[in-house]
Amino acid sequence: MLELRDVNFTIQKGEESVNLLDRINLKVPAGHFMAIVGPSGCGKSTLLKLIAGINVESEGTIHWQGRNLSTEGDLEPAEIGYVPQFSIAYDHLTVEESVESAVRLRVKTRRRSEFHDLVDRVLMQTGLDALRNRPVKVLSGGQKRRLSLAMELVTDPVLLLADEVTSGLDPKSEREIVKLLYELSRKHSRIVVNVTHSLANLELYDSVLVLHEGRVAYHGQPRALDHYFSVDEAEEVYPRLAKRDAEDWRASWEKHRGDYYEALESAAKATAAETGAAGDGIPLDQAAAAATPGAVAQFFALLFRRCRIFARDGGQLFLQIAILLGFPVLVILFALDGVGEVRRLSEAVPTTVEEFQLEKEIVEHNLNLGGLVSGLVMFQVILLTLMGSNNSAREIAGERLIFEKEKLGGVRPATYLASKVAFLGGLVFVQSFWMAVFVQKICHIPTQSFVPQLALLFLVNAAMTSICLGISSMAKTADQASLLSVYLVGFQLPLSGAVLALPKVAGWLTRPFISAYWSWSGAMNSLEPGFRNAVDKVTETWLAPVPLCFAVLILHLAAGLFVAWIGVKKSRWE
Ligand SMILES: Nc1ncnc2c1ncn2[C@@H]1O[C@H](COP(=O)(O)OP(=O)(O)OP(=O)(O)O)[C@@H](O)[C@H]1O
Ligand SMILES: [Mg+2]
């Protein structure tokens, strides 16, 4: 039995607190199929989220099998299936891959055959078997909703909550889905709650709850609905509701409520006695829910899925390859005129008089060359920060709702974040390595050792990727995250001090936060001494010691990850 007792859900609107749900009382026995209906904005989704544990009640209590969910612990993730109003599948996967991914994340299977049997069973159950190889992108609205249902059925939940899974469908598809939900409620004493504003097919439900401005106006058998509202057909209920105050409706229903629930409870007890079930009608052998897989299994499932989506997303793949190959070429293009001189200089070891003469010439060139090497490295650094923001700005914000849904289904935030770090780490490594090696091969940047230079380029890309991942985890939308990340990159060049020295105080204040500065400055300090001096002559900006540069970049990397960690733990359904 699911029971809500005097539940309020209040939000703060400025000074005022508004009850989105007002003194909700209801009981739903095992094996029951219930509709929540009501005009748009009456609070249906809010009520469903409250039952799912996404919204937390401001007052009152919710009970499951007699257990108070707020004090005695929530339902296990596998016990609840929540099908939200939005699609929970990735466009670039197929129907079968989406269900497989749901199984990998939510159900511990022991053998491969068990895994495949489960996927097959769920696809058959939802009538998606024939569409298993079809990409989600091309599914119709009804097929997408079936898929969302299928992905929730993998755990065989005892409580299945569906939000508008029939909205926008033609009458035939709508009826098919309501029938499917009905059949699901006949199995394993499962409670199925379907939120809808459609008043068609009501006869398939065991009960209908009518919500009006956050209050219960009626809850009972569908055939008694017309009589209760004194209308000829269900479609007239909404206009009728509007004729009286919501509080009036609530007060009227309160008078009838006791009788209805009394009858409901005695019927449930009778069924339980017949089927030999536990006190509230749920057979004891159904009590065990599917076990959630361990963190490692979830990590690989998430990483595998991310790589697959990356490989399938033509646009993203093209952009990544274009950036990977194009940016290093861009650096070289800009430095082309001076490259010969840098190379000549870094290779020349003066031994003869002529060569000493050459060296003198070189010293004369030093100023120009110092500027050139500094600019070359700064260009590398800036393009790598741009890659970093492109890597991760949308990474979490772009799939936030799906992630929230998966978190509710038992995906651990730390595991999710770890899968992102692994995926992005791979990208960062390839980008930085190629940038450093390619530019070095052609330009021969006169560095004392290539390794620290490579590490500094890797770290600036990693730090920016990590900071933008933090932004992505905190942002409300993917666009907001992108915009903030672009601003952050935009500030790197002017505030780095590599082009123009900043006023002293401004420099000291901003420098700690500018990753590009630390990478550039570290690279300048690890140049061959002659070049190091040349750079010193062309810039007035203080060049930090190499170990300090490493330390600050690692700190930036860690700070980004910390913010991302806080962000993924937050609940963000809006
Ligand atoms: N977190 C929130 N903060 C502020 N207002 C909210 C919040 N959640 C819901 N609302 C408001 O509460 C009301 C009920 O919203 P809800 O989404 O539950 O309606 P609904 O009955 O599901 O509507 P629809 O049929 O259009 O989906 C709406 O006016 C909505 O704007
Ligand atoms: Mg809704």
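Me: Why are α2 and α9 called roughly antiparallel to each other?

Reply: This is a predicted model, where local features need pLDDT of at least 70, side-chain atom pairs count only at pLDDT 80 or more, and totals for chains, interfaces and linings use all residues. Residues are numbered from 1 along each chain as written, while chains are lettered from A and ligands numbered from 1 in written order. Now, the axes of α2 and helix α9 (residues 295-312) cross at roughly 155° and come within 8 Å. Angles run from 0 to 180 degrees between N-to-C directions, with axes fitted to C-alpha atoms over the stretch in contact. Over 145 degrees counts as roughly antiparallel, so α2 and α9 get that label.

Me: What makes α2 and α9 a contact, and which residues meet?

Reply: Two residues are in contact if their C-beta atoms, placed from the backbone, lie within 7 Å. Ser101, Arg104 and Leu105 in α2 meet Ala297, Gln298, Ala301 and Arg305 in α9. By class, that's three nonpolar, two polar and two charged residues. Asp, Glu, Lys and Arg count as charged; Ala, Val, Leu, Ile, Met, Phe, Trp, Tyr, Cys and Pro as nonpolar; the others, Gly among them, as polar.

Me: What makes a residue part of the shell around ligand 1, and which ones are there?

Reply: Its C-beta atom, placed from the backbone, has to lie within 6 Å of the molecule. Ile11, Leu20, Gly38, Ser40, Gly41, Cys42, Gly43, Lys44, Ser45, Thr46 and His197 are the residues around ligand 1. They split into three nonpolar, seven polar and one charged.

Technical notes
Helix = DSSP H or I, 4+ residues; strand = E, 2+ residues; numbered from the N terminus. Parallel < 35°, antiparallel > 145°, perpendicular 65-115°, else oblique.
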